[in-house]
Amino acid sequence: MIRITDILDRVSAYYPEADLGLVERAYVYSARVHDGQVRLSGEPYLSHPLEVAGLLTELKLDTVSLAAGLLHDVVEDTCATAEELTEMFGPQVAHIVEGVTKLSSLSFRSSEARQAESIRKMILAMADDIRVVLIKLCDRLHNMRTLQFQREDKQIKIAQETLDIYAPIANRLGIYWMKNELEDTSFLYLYPQEYREIANQMDRKREKQQEFIDTIKEIIREKMTDAHLNCEIQGRHKHFYGIYQKMIVQQVSFEDVYDILGFRIIIDTVQQCYEVLGVLHSIWKPIAKRFKDYIGIPKPNMYQSLHTTVIGPFGERVEIQIRTREMDRVARDGIAAHWQYKEGQTSDKNDGQVFAWLRKLVEEQKHVKDPDEFMEAVRIELFPDEVYVFTPQGDVLTLPRGATPVDFAYAIHSEVGNQCMGAKVDGRIAPLKYELKTGERVEITTSSNHRPSKDWLSFVRTAKARSRIRQIIKAEERKQSLALGREMCEKAFRKHHLSLNKLLKSGEIQKAGQERGYKTAEDLIAGVGYGKVTPLQVVRYFLPQSESKEPKESIVGKLKERIRGKKPKSGILVKGVDDILVRFGKCCNPLPGDPVVGYITRGQGITVHRTTCAHALNMDAARQIELEWSPEKDDLYPVRIHVLCNDKIGLLASITAALSEAEANILDASVSTRADCRSDCYFTITVSGAQQLEMIMRSVNKIKYVIKVSRIAA
């Protein structure tokens, strides 16, 4: 376990004038409130915040960051309060700790919603202080290093979350050493067999690979000396998960992955970077389309480097990166480099260019209320693949791979996106769903009378575009519902000799709405237009008791009146209702364990969708209802899976055997072989729920020659 003296020594080494008193006070306070707590490993709990602070010193962060790192769990796990932290350590430390703290004290409808809200809080906190996420990443990294002490199911869950969210965040922030370790550790727990196979292969080839690295380095060193270029040359192995990804994407075995080794040349100036590139291309033939200039066009996370791939002296492909020493420092620590001590001061946290992409992400997500929608948007923003396109004025915009002209329009301005009616790419008219490519010049045609279409949601890729389109669609739907609701209410009120306008002016309608859970009279009238409330229900509030014999009812109560027949055995519980018709959406085939949401259709009951289903994401929020799976239900549900594999003798028998061992009954199976010697296998199987399906897919995915296993929604 690292000691506080080690941490203080490290800080003193990279910033001798640092105020160590703040760190010492935070350590003493953390030790006091965590006293008696132990981790699953049996170590004192204090070891965890100490290790987190130790990782922060590797990023060379300031004393405020280190104090917050030592205190990051005290609000969540002890009797400490945010007010105490503010009083003892100042508002900066308290704010950072609050940003890192999970939302354990709040209740959510599912663990997925809790995770989404926790990550949402962390990302929104970046708007004020990037150190929030740097501490959270160090926290997660140490937890991954000690993951062996968790139960197996928690290991898999935490590793998957790390691979889905935290490793991409580290990548987006440019902290590649942390991203690589998070990915490799997650890989170990999610795919232990594949991890061990790659590790064994690397061990067997290590001696030969080291000889190759030494030879290439010597050749480069001689050529650079001849060119009077003083540089540092590094040879490295790719990390295991990166190799595994290449094997999957390129559909090759370990022996056929050509770029397991890479080289890095570190030089003094930008001009010398291009000189080094010229020397390399003069001695080895470069491979077309494998050159990338991230110095001329840096990545949004500040990464700068020249990348080239050449045919080396032994006929093998060799990947080489060329950068300056400052670029190498930033490439190692990413955005953290802007919080490191420099000549007695921290860097300017208001550097617009550095944090532009981050502020843009945060700003877009401030208005997204639904946790699932937020997580979808965050995952989109964290995709590492990007394209660089040009505006008509020659400015460069960075968009995720697969982005369309609509994404481009919203990236320029929300109004440009809202009024987008056409696009030209490199001077030619292109469809709005066209996928943009790096280097293309895009021009948007707008019309003030044009409005976004719901169809756009099926192809846009950026969070901003999705968020703005949904806002406009919801606003239009509300406007229509408000007009319809007013018309319906006026008719109903006239029948009972009441004036809607008078009641609106007097505020009585607002009181009626508040009794039904609506904040304003407008919300109540819109609810009538949506069909969530009937006009008669609103009128009854103003009628004498003798004229209103029936109790006020919700839309679910109205459905109960209209639906006849016995309660179906669906396994779904509708909150507060026990005799309502329930059917499953054929578009997504939900299983027990899947997060689900219901859509109310009057006269037809409730349709159950997975929360990630496209129909669910586009459904009218006013007709949504909370659902949960019955814990006592023990039925089997049909589900379709797709297995993409290489066409090998006996492979189908291995797949069916794996399905049988997992106690999955095969209802239907079909196989078709492609021209590229791959096979598409489709199976309809019965499972008890999402957990069993996940276990089955994981089991099949481990079979040799199986490329990918996926669940088919319909």
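Trainee: Is Thr391 buried or exposed?
Mentor: This is a predicted model, in which local features need pLDDT of at least 70, side-chain atom pairs count only at pLDDT 80 or more, and totals for chains, interfaces and linings use all residues. Residues are numbered from 1 along each chain as its sequence is written, and side-chain values use heavy atoms, leaving out hydrogens and water. Buried means under 20% relative accessible area, exposed over 50%, and partly exposed in between (1.4 Å probe, protein chains only). Thr391 has 8% relative accessibility, so Thr391 counts as buried.

Trainee: Where is Thr391 placed?
Mentor: Helices (H or I, at least four residues) and strands (E, at least two) are DSSP runs, numbered from the N terminus. Thr391 is in a loop, between strand E9 (386–390) and strand E10 (396–400).

Trainee: Which residues does Thr391 touch, not counting residues up to four places away in sequence?
Mentor: Contact means heavy atoms within 4.5 Å. By that rule, Thr391 touches Leu397, Phe408, Arg441 and Val442.

Trainee: What is the relative accessibility of His72?
Mentor: His72 lies in the loop between helix H4 (63–71) and helix H5 (74–77). Leaving out residues up to four places away in sequence, His72 touches His48, Pro49, Val52, Val97, Val100, Thr101, Ile135 and Asp139. His72 counts as buried because its relative accessibility is 1%.

Trainee: How many Å apart in space are His72 and Val132?
Mentor: In sequence, His72 and Val132 are 60 residues apart. In space, C-alpha to C-alpha, the distance between His72 and Val132 is 9.6 Å.

Trainee: Is Gly36 buried or exposed?
Mentor: Gly36 is in the loop between helix H2 (20–33) and helix H3 (47–58). Gly36 and Leu46 are 10 residues apart in sequence and 9.4 Å apart in space, C-alpha to C-alpha. Gly36 has 70% relative accessibility, so Gly36 counts as exposed.

Trainee: Which residues of H7 meet H6?
Mentor: Helix H6 (residues 82–89) and helix H7 (residues 91–100) pack with axes 7 Å apart, at an angle of about 145°. Axes here are lines fitted to C-alpha atoms, for helices over the stretch in contact, and angles run from 0 to 180 degrees between N-to-C directions. From H6 come Ala82, Leu85, Thr86 and Phe89; from H7 come Pro91, Val93, Ala94, Val97 and Glu98.

Trainee: How many nonpolar residues are in the contact of H6 with H7?
Mentor: Ala, Val, Leu, Ile, Met, Phe, Trp, Tyr, Cys and Pro count as nonpolar, Asp, Glu, Lys and Arg as charged, and the others, Gly among them, as polar. The contact of H6 with H7 has 1 charged and 1 polar residue, and its nonpolar count is 7.

Trainee: What is the relative accessible area of Gln209?
Mentor: Gln209 is in helix H12 (residues 192–226). Beyond residues up to four places away in sequence, Gln209 touches Met202, His237, Ile260 and Leu261. Gln209 is buried because its relative accessible area is 9%.

Trainee: What kind of aromatic pair do Phe584 and Tyr637 form?
Mentor: Rings of Phe, Tyr and Trp (its six-membered ring) pair if their centres lie within 6.5 Å; planes under 30 degrees apart count as stacked, over 60 as edge-to-face and the rest as tilted. The whole structure has 14 aromatic pairs. For Phe584 and Tyr637, the centres are 6.1 Å apart and the planes are at 85°, a pair that is edge-to-face.

Trainee: How many residues apart in sequence are the parts that the pair ties together?
Mentor: Phe584 is partly exposed at 28% relative accessible area, whereas Tyr637 is buried at 9%. Phe584 lies in strand E15 (residues 582–584) and Tyr637 in strand E19 (residues 637–646), so the pair ties together parts whose separation in residues is 53.

Trainee: Which ring does the charged end of Lys648 sit over?
Mentor: A charge sits over a ring if NZ of Lys or CZ of Arg is within 6 Å of the ring centre and within 35 degrees of the ring normal. The charged end of Lys648 is 5.1 Å from the centre of the ring of Tyr705.

Trainee: What is the phi of His497?
Mentor: His497 lies in the loop between helix H20 (463–495) and helix H21 (500–506). At 76% relative accessibility, His497 counts as exposed. His497 is not a glycine, yet its phi is positive, at about 60°.
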